[in-house]
Number of protein chains: 2
Amino acid sequence: MSEYGTLQDRVRCKSLLSKLVPVEETFQYLKDGMNLGWSGFTPAGYPKAIPIAFADHVEKNNLQGKMRFNLFIGASVGAETEDRWASLNMIDRRWPYQTGKNIAAGINEGRIRMGDKHLSMFAQDLGYGFYTKDSPTGRLDLALIEVSAITEEGGLILGTSCGAVPEILMMADKIILEVNTAMPSLEGIHDIVVNKNPPNREVLNITKANSRIGTTYVPCDLSKVVAIVESKHPDKGRAFADSDESSDAIAAHLMDFFSNEVKMGRLPKNLLPIQSGVGSIANAVVGGLAKGPFYNLSVYTEVLQDSMLDLFDSGRLDCASSCSLSLSEKEGFPRFLANMDKYFDKITLRPLSIANHPEPIRRLGVIAMNTPIEIDIYCHANSTLVGGTRMINGIGGSGDFLRNGFLKIMHTPSSRPSKTDPTGITCVVPHCPHIDHTEHDLDCVVTEQGLADCRGLAPKDRAKLIIEKCAHPDYKPILTEYLEIATADCFKRKVGHQPQLWDRAFKMQLNLAQNGTMKIKNWDMKIDLCE
Amino acid sequence: MSEYGTLQDRVRCKSLLSKLVPVEETFQYLKDGMNLGWSGFTPAGYPKAIPIAFADHVEKNNLQGKMRFNLFIGASVGAETEDRWASLNMIDRRWPYQTGKNIAAGINEGRIRMGDKHLSMFAQDLGYGFYTKDSPTGRLDLALIEVSAITEEGGLILGTSCGAVPEILMMADKIILEVNTAMPSLEGIHDIVVNKNPPNREVLNITKANSRIGTTYVPCDLSKVVAIVESKHPDKGRAFADSDESSDAIAAHLMDFFSNEVKMGRLPKNLLPIQSGVGSIANAVVGGLAKGPFYNLSVYTEVLQDSMLDLFDSGRLDCASSCSLSLSEKEGFPRFLANMDKYFDKITLRPLSIANHPEPIRRLGVIAMNTPIEIDIYCHANSTLVGGTRMINGIGGSGDFLRNGFLKIMHTPSSRPSKTDPTGITCVVPHCPHIDHTEHDLDCVVTEQGLADCRGLAPKDRAKLIIEKCAHPDYKPILTEYLEIATADCFKRKVGHQPQLWDRAFKMQLNLAQNGTMKIKNWDMKIDLCE
C-alpha cells in the first residue's frame, strides 16, 4: 500500500471495485480516431497510468501513426503523457492549450491539428458539443479521469486540478477512472458546480474569492464507468521559474502603481482579487506582494504556483481560488503536504468553467496580470504565436481574465535575446503579427523599463506613452520614428486614427529573419508589387 | 403644451421645478476643457436642447476651438449634437463609439482623440474613474441627461435609451436634466440596476431576456442637479437600412444553420436569445426570423431597430431586452407609439452595463451576430478601422456579445465595390490589418456565398473552409494560392501553425491603394529592406 492509504480506502463506493482492472486491460477501449477527454490542468490531476502504459504499448508494437486520437483536456498536462503521445504520432487534434517540444513540433509542422480557445469558452463549448459535432455520435468516445477518491454514492473526488471534468463527463459515452494512490486525497478542497447549458444555466453566486457554491465531488453516471485502475504516478508538477532582475523591476513598478491606485481611492487597501499568470514575472509579482504593503489579499486565478505558498506564509494572503494546484514536485508539493493544516482551508479548487468564467471575474473585479510574447505600440498583444505563425502553448486563460478584470495588465521584458544580439528582439513592436488581446482589452503595459498606464488614452497617445515608458532604450528612437512617419503619412491621407504603414509595418520582423536583429537602421523600404 | 403633456406633469418632484431655467442659462456651466457625460445610446435618449443651443452659441460668437470638451457617452448619439460639435471643433476626447462625417474626419485627421472600448467595459471603467483619472477632480464635471419624467422622490425616468446614465451620475459633480416633452414618457419600460463597484458588486439575477431585477427609474442625488430645462426636440432615431439580395442570402444561410442546430439537438426549438447588430444584414436576419420556423423567440441585444417590430408582429417574438429603442423617426417610432399596448410590456430597456454585461449574456447563451468590415482566412475580424487605420464608428458591443455568446457569428458581404472595380474589395483577406475579434472568439462566418462553421477546426482547416464557403469567386483562387504558398513556406521553416508571409500578407491592400483593386495577379513581391 502507498503511504497515503490503499485503493480500497479510496474507493468508498464498493460496487465499483468490481470494475478494477490492470492497466493493460483498458487498452481495448482505446481505438484509433477516438475523441478522448482527459482530466488535468497544467501538470496536475491528469491521467498518467493509462497514457504512459498505452504509449509503451504503441511503441513496443510499432503502432506509431496507427493509433491517433483527438485530445480534449482542460489545458496542458505532464510531458510524460501528451508530449510522449505526440512523439509517437498518437495525436490528431488537440484542444486548447499544450506544452512540450514534440507536440509543438507536430503542431508547427502540420501533423497535429491544434485549436486554441479561451479556456472558459473551451469548457463550455465542449459541453455544447461544438468540438465533437462532426463525429458519428457527436460526443466524446471516452473520458480518462484521475481521481483522489470515490464517495459512497459514486461522486468523484478530484486531485490537484479540476480542469474540464464536469463537461467531459457530460459529453463522454464511456469513462475510465484512475485512482491515484501515490498522492494524498484532497477531499474537501474542491468546489464543484456543473454548469448547465443554456437556457437552463443558473446564477454562479460567487461574491468572494473563497465563496463555496457547489459540492466537494463531481457527480458521475456510474453506468458509464467501464473500468477503474490504480495509478501510482505522482503529478509531474510545474517547475518553479526563478525571478530575475528584469522580473523584479516589473514587480516593483506594479507595487508602485497599486499603491497609487489605493491612494487615489480607485482600489481598496487590500486591493481586489489577484489573477497572476505563470512564469518568472508572475512569480516576481507574487514575491513583490509577499513583501508589499497590502494585507488581507485574495487570489482568484487559474494556477497556483509555489510562490503562492510564500504569499500565504507572509501573512498577507487570506484565500486563493484556482483551477489547479500546480506546485513543483521537489519543493512546492512537499511543502504544501507538510503544512496542509495551514493552507488547505484557504484554497478552493474550481472547475475551469467556473474558475475562468467572466461572471465571477467581472463581479469580483479581478486584477488580471499576464505575460505576452510581445505587445505593440497601440496596446494589442500577441500571446500565442512567435513571429505570428509558430504556436508556443496557447492563449490559456489570459483572455478570460484580461477581458473581464478590474485592471487589465500585461507585463513583459522590453526585449529578448536573438541568436546574434542580446537585445535583438524587441517585445514592443509597431504591430503585433498575431493579436490575441486587443487595444479594447488592456489598461496597462509594464516592462522592466516602466509602466504605461493607458487608461483613457487615444491610440496615438498610448503609442507615445508605451514607447516612452516600456520600450528598451535601443528601440525607443526606432519606434518613435515609425510612429512619426506613419502618423504624418496617415494624417495626409486623412486615415490616421491608428497610423500604420502596411508596406513596412513588419520591417523589424523581416530584418530579424534576414539579419538576426530587429534593430533596423531606418524605415526605408523598397517594394515592387510585381503586377 | 406638447401632445404628450406639460413639463409640470413630467416633473413630479415639485421641489425641482425651482431649478427650471431657459436653455441659455445653462451655458454658464459649460467650460472649456470639461469632462462631460451625456445620456443616450444611438440617436435615442440623448440631450438635445442644450447641445444644439450651445453649438449655436459657439458658432454665433466665433468660439470654435475655444470651447472643447471631453465627451463620454454610452455610444453614438444624433448627428445634430455630437457631429455638429465636431464641426465646430468643440470635441477634444470622445469615448467610446461615434457616428458622423465631421467627427470621423476629426478623429482620422488627428483633431479628436477618440478612445474605443467594448461598451460594457466603457460603462464600468467610467464608473471606476479610469477615464477621468488625469483631471484635477478625477471626476466628470457635468452630466447632461435627458429624461422622460422625474418621480415624486426624484428618480429619473429615462427616455428611449439607458446608455451609461447610472455610471455617469455616479461620477458627475453637477447634473443638468433635459425633460423631453416632445416625446411620450416610457415610464415602466426600463429596468435599472446601478451596478456597484467591486468588491461590493452583486449578482445580476437575469435568467431570461425579460427578467426584471431593478427599478423603473435611476436614483439621483438631487443636490447635484444645478438646472433643469425643457426639451422639445424628438430623437433623430435611426434610419432603417433596407435589406438587399446579398443580405437576404446571408439570412437564408443562417436560417438553414439554425434549423440544423435544432435538428442536432444543440439548440432548443425556440433557439436562444438573439443579439443582432445594426444595418441591412441585421435587418435581413431579423426579417428571416419573422418568416422562419422558430417561435417563442426572445431577444437580448443592445439596439432595437424597426425590423424588431415586424418580428413582434409575426407572432414569433415573445420579448426583447435592449439598451435602446432606436426606431426610425418617420416609420418605426410612430408605429411603436400607435401600438404601444402591443409592444410596451414585451420590451425591457436596460443600462449599457447590464445590457452588454458578460454575466447575463453568457448565462442566457445569446446567439451573437454582428457585421465586421472584413474577416481573414483564420477567423480574425476587423470591426473598426478601414485599411487598419481609418476609424469608422467603433467596436460597439460586438465584442461583449461575441465573446460571451452561445454561438458567435460574423456576417458580411464577400466583397464590396472599390472606386474602379465593383468587387474590388474582398471582405475575406489573408490577414486583417486591424483585429478586434480574434480566432478564439468566433464560431461561424457567413457571406452571401455561404456559411463556414469553424467550430472545432484548426487554423488551416478553418482557412480552407472560409475560402471555400465565404470568399467571392473572384478571390477564391487568389486566397487559395496564398494559403498554399504560406503553408509550404512555414512548414519548411517548422513555424506553420497559422501560416503567414509577412513580406506580402498585405499585398492585396497595397494593390488596392496603387491599382484600385484587391485582385492581384500573383503573390510575387520584391522587397529591399534598404539596410
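**Close-up views of a two-chain predicted model**

**View 1. A stretch of chain A, residues 332-482.** Here chain A is 30% helix and 23% strand, with 46 Å between the end C-alpha atoms; helices (H or I, at least four residues) and strands (E, at least two) are DSSP runs, numbered from the N terminus. In UniProt, an unreviewed entry gives these residues the feature "domain: Acetyl-CoA hydrolase/transferase C-terminal", and such annotations may be inferred rather than shown by experiment. This is a predicted model, where local features need pLDDT of at least 70 and side-chain atom pairs count only at pLDDT 80 or more, while totals for chains, interfaces and linings use all residues. Residues are numbered from 1 along each chain as its sequence is written, chains are lettered from A in the order in which they are written, and side-chain values use heavy atoms, leaving out hydrogens and water.

**View 2. Where chain B meets chain A.** On chain B, 100 residues are in contact with 100 residues of chain A (heavy atoms within 4.5 Å). About 8,700 Å² is buried between the chains, 57% of it from carbon and sulfur atoms; this is the accessible area (1.4 Å probe) lost on putting the two parts together, summed over both.

**View 3. A salt bridge between Lys408(B) and Asp125(A).** Their closest N and O atoms lie 3.0 Å apart. Across the interface, the rule finds 16 salt bridges (a side-chain nitrogen of Lys or Arg within 4 Å of a carboxyl oxygen of Asp or Glu).

**View 4. Strand 26 of chain A beside strand 26 of chain B.** Three bridges join these antiparallel strands, residues 526-528 in each chain; pairing takes at least two DSSP bridges. Look for Ile527(A) opposite Ile527(B).
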